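Visitor: I am new to this structure. Please take me closely through one part of it, the aromatic rings and their neighbours.

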Amino acid sequence: GAVEVMWNCLTTKDNGATRYISEDAVAVQYAADQSAASGTVKISGACVGTQTRSSRQQLLSVEKTLTLQGGWNNTFATLNRDLYPTLLDAANTGRVLYVADNQTVTMEGLRLTRGSSADGGAAYLAAGTNVTLTYSLVYNNSATAAGGGIFSVGSALTLNQSHIYSNTATTVGGGIYMSSGALSLSSSSVHGNRATTSTGGG
């Protein structure tokens, strides 16, 4: 099989002309902040850890319309999701992703893991968001309340060839918890998740 090659966290907002690198995940947040609205942030390697923003602890807070694309090599010349897996790993110190109200976010070729929060271990999708995951994995995340994988507040969530598994919530929605909104799955799965004290493991 293919040999997985991993390195530190690298990002670019301009197709590699400017590259940001960090030993933790700071390069992801920095590129997202520097990107223009409706831009594309390309991510390479393993991005591990969280930071605080507006009293929230997460690896990445997205406050604009944005595309996040993983699976790149370290020069951003080659896209191969199998050979160059891109890891967004919160290291159980906060959630992986927070998407602010009314933003549209597309995620491609990303692995969201080891997120931990009250609601939405991997991702918290605020009201009015439109979020699409393509060729992505959400696994080994946990919530002390609802949505071990994803917590959605009135958002539109689309999964394309993506899989949500092995996530845990203490109360409800081990894989996905949606208080309202719409969920669409295409060639995707939500399986092997657990809600420990209530229903809806997923």
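Guide: Keep in mind that this is a predicted model. Start with Y20. Y20 is buried, at a relative accessible area of 15%, because that value is under the 20% cut-off. Its partner is Y30. Y30 is partly exposed, with 41% relative accessible area. The two form an edge-to-face pair. Their centres lie 4.9 Å apart, and 75 degrees separate the planes. Y20 belongs to strand β2 (residues 19–22). Y30 belongs to helix α1 (residues 26–34). The pair therefore links parts of the chain 10 residues apart.

A search of the whole structure gives five aromatic pairs. Another of them joins Y98 and Y124. Here the ring centres are 5.6 Å apart and the planes meet at 15 degrees, so the pair is stacked. The angle is under 30 degrees, the limit for stacking. Y98 sits in strand β9 (residues 95–99), and Y124 in strand β13 (residues 123–125). So this pair ties together parts 26 residues apart in sequence.

Y98 is buried, with a relative accessible area of 12%. Y124 counts as partly exposed, at 22% relative accessibility.

Together with F151 and Y177, they form one aromatic cluster.

The charged end of R81 sits over the ring of Y135, at 3.8 Å from its centre.

Key. Residues are numbered from 1 along each chain as its sequence is written. This is a predicted model: local features need pLDDT of at least 70, side-chain atom pairs count only at pLDDT 80 or more; totals for chains, interfaces and linings use all residues. Side-chain values use heavy atoms; hydrogens and water are left out. Rings of Phe, Tyr and Trp (its six-membered ring) pair if their centres lie within 6.5 Å; planes under 30 degrees apart count as stacked, over 60 as edge-to-face and the rest as tilted. Helices (H or I, at least four residues) and strands (E, at least two) are DSSP runs, numbered from the N terminus. Buried means under 20% relative accessible area, exposed over 50%, partly exposed in between (1.4 Å probe, protein chains only). A charge sits over a ring if NZ of Lys or CZ of Arg is within 6 Å of the ring centre and within 35 degrees of the ring normal.
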